[in-house]
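Hi,

Here is the structure I promised to pass on to you. Have a look at it first, and then read on for what I found in it.

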Amino acid sequence: MATVDIRDVRKAFGSTKVLHGVSVSIEDGQFVVLVGPSGCGKSTLLRMLAGLENITGGEIAIGGRVVNNVPPKDRDIAMVFQNYALYPHMTVFQNMAFSMKLAGAPREVMEREVQKAAKILGLEQLLHRFPRQLSGGQRQRVAMGRAIVRNPQVFLFDEPLSNLDAKLRVQMRSEIKELHQRLKVTTVYVTHDQIEAMTMADLIVVMNHGRIEQSGAPLELYDRPANTFVAGFIGSPAMNMLEGHIADGAFHGPGGVRWPLPPGAPASGEVIYGIRPEHLRLDPEGIAATIQVVEPTGSETQVLLRIGETSVLGAFRERIAEGPGAALPVSPDISLVHLFDKKTGQRI
Amino acid sequence: MSATAAETWRRRAAEQNWLVRLFDNKAFLIVMCLLPAVGLLTVFLTYPLGLGVWLAFTDTTIGQRGVFVGLENFEFLFSDPIFWNAVFFSVFYTGVATIGKFALGLWLALLLNNHLPFKSFLRAIILLPWIVPTVLSAIAFWWIYDPQFSIISWVLIELGLRETNVDFINTAWPARWSLIWANIWRGIPFVAISLLAGLQTISPSLYEAAMLDGATAWQRFRYVTFPMLLPILAIVMTFSIIFTFTDFQLVYAITRGGPVNSTHLLATLAFQRGIPGGQLGEGAAIAVSMVPFLVFATLFSYFALARRKWQQGETND
């Protein structure tokens, strides 16, 4: 187990700059999720941590030791790849024991360690199968087993669940989290799925275009997004964002929309008004809105509303009997409104 | 008027004449589609093969229809030292050339699989020996090996490394090695390009995983590349063995089986006895005697190398 320090790390492929100075400090035993849209540089950062890409600028330290020029095998890390990267010509046992075999471990040690990891992951019955004979979830477990057997200081996961179906993904998500709680090994996990990030992380690092937009605890990011990118990326369904200006103590949006302001809002200026769908509530006294589409999910009802000339999504605990075209007055929960500067996108 | 016409309009049933109906008949269509291929194979493959096997059991000579003589041709060959010499050289030639081709071809494929400048250009160059017609490259080698005008001899003498010309093809063993080298040179591209195709199907993440697992470059080759390449290696090797064992052009163009029959392959000996020698029956018997070797070589590489449980994907418990 170890801390990981990423200090002003830069990466360029030729003249294409991929990372523009990223700094993250990861505490011992923390579960950190790097999240962002594809092409944001999160996987590149992970591969630099693993030593599979060299570092153009800055420093990476694992357990206090700068590893910029340390080859992957000496970094004491284990990685789970997106496509699992299991050796197809080796059995599950051989896959998991491979690193020990290369290190010249005696047979009994290999047996013991593999059995131990197999027991943790429920793979005891599958040790003599080849990867081809396993389901996606089982292959995923073998890939994790191979990492566990290494007993590394840091686990790296590169979008490990993206090849699984939705149901299995939810199951493996909690298995990985449980595994982390049991082994307490520092973990860096890359995903583009904000739900994975929210549910698993101790610390989320939101990245975009090779920069860190915000990092913090999941609920901190949800409650106080630093800018419109994080506000739109974290939370599902995504936050409604209306462009407009503040005048006369209210927000004026497109098409004559008038929304109440949270306490402490500026008296004037161009702003973006953000309100999460789940923070709109049904209110007979509220803003006039017309139903466009109703999507019941069972636990809640998502309604696409037309307010003035804007579409706004609301998510309500109540079941909505009205259909498209009907009026449905709503009001925002004023304490949960986010205001952003229209020019910079930063939180006000 | 037009509205009612549109309402009552029906798609006209296509009028089918006998030809259309005939071509809709599945059995007829199958026969029609198979006919060209079956015809070509019968005329140009099955008939000559059958004729060759038949001739092997007759005493046919050129200009004289032979009669069935049973195994007489084979009995004669069994006591013929030149035949056994050809058998020995065919096996030796195939064995050594295959080892050489695969060692060098694999090495070249591994090099080309790296990121090199001008990669596609280099790959195109590698293919050159293969796209040149064999007879042309054989003639080129004939000149290279020429006792008097050999360029290799010339270079060595100019450099002061030798006093006399090198004897490439005028005594038995140098001639054998020279032919083997020419065959290796010609065979490398096929092996290298095929194995390169195989190498490119190996996911780079396997190498990355192996690197994290602590494998050195040699261990990555030994435990990842080689086992994953084996199935393709087996197929390429099967083909290569068949092509080498049945080789004719290189030997015939460079040495014609000489000196003193020492470099005859079974194919050149069969031709020598059958066509210039006129003993069609005996020549055919030599050609037929290649079949067991080829069947053995094919089965060996197929069963020893190609069948891998990990590829088959069935459960084994």
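This is a predicted model: local features need pLDDT of at least 70, side-chain atom pairs count only at pLDDT 80 or more; totals for chains, interfaces and linings use all residues.

Where the two touch, domain 1 of chain A contributes 5 residues and domain 2 of chain A contributes 5 residues. On the domain 1 side of that contact in chain A, there are 2 nonpolar and 3 polar residues, with no charged ones.

UniProt has something to say about this region too: an unreviewed entry lists "domain: ABC transporter" for residues 4-234 of chain A.

For chain A as a whole, I count 8 helices and 20 strands. Its C-alpha trace spans about 75 × 45 × 35 Å along the principal axes. Chain A has 348 residues, of which 42% count as buried. Among contacts in chain A with a separation of 6 or more, 64% are between residues 24 or more positions apart.

In chain A, 6 strands run in the order β6-β7-β8-β3-β9-β10 as an open sheet with mixed pairing. The edges are β6 (77-80) and β10 (211-216) of chain A; each has a single partner strand, so one side of each has no neighbour in the sheet. On average, neighbouring strands of this sheet are turned by 15° against each other, direction ignored. Within it, β3 (residues 31-35) and β9 (residues 203-208) of chain A are paired in the parallel sense, over 4 bridges. If you want a place to look, A:V35 has A:V206 in β9(A) as its bridge partner.

Finally, the contact between the chains: 21 residues of chain A meet 20 residues of chain B. On the chain B side, α10 (204-212), α11 (217-245) and α16 (309-312) each supply at least two residues. Of these, α10(B) gives the most, with 6 residues. By type, the chain B side that touches chain A splits into 9 nonpolar, 6 polar and 5 charged residues.

Notes: Residues are numbered from 1 along each chain as its sequence is written. Chains are lettered from A and ligands numbered from 1 in the order in which they are written. Two residues are in contact if their C-beta atoms, placed from the backbone, lie within 7 Å. Ala, Val, Leu, Ile, Met, Phe, Trp, Tyr, Cys and Pro count as nonpolar, Asp, Glu, Lys and Arg as charged, and the others, Gly among them, as polar. UniProt positions are given in the numbering used here, feature names are shortened, and annotations may be inferred rather than shown by experiment. A residue is buried if 20 or more other C-beta atoms lie within 10 Å of its own, exposed if 12 or fewer, and partly exposed in between; C-beta atoms are placed from the backbone. Two strands pair if DSSP finds at least two bridges between them. Axes are lines fitted to C-alpha atoms, for helices over the stretch in contact, and angles run from 0 to 180 degrees between N-to-C directions.
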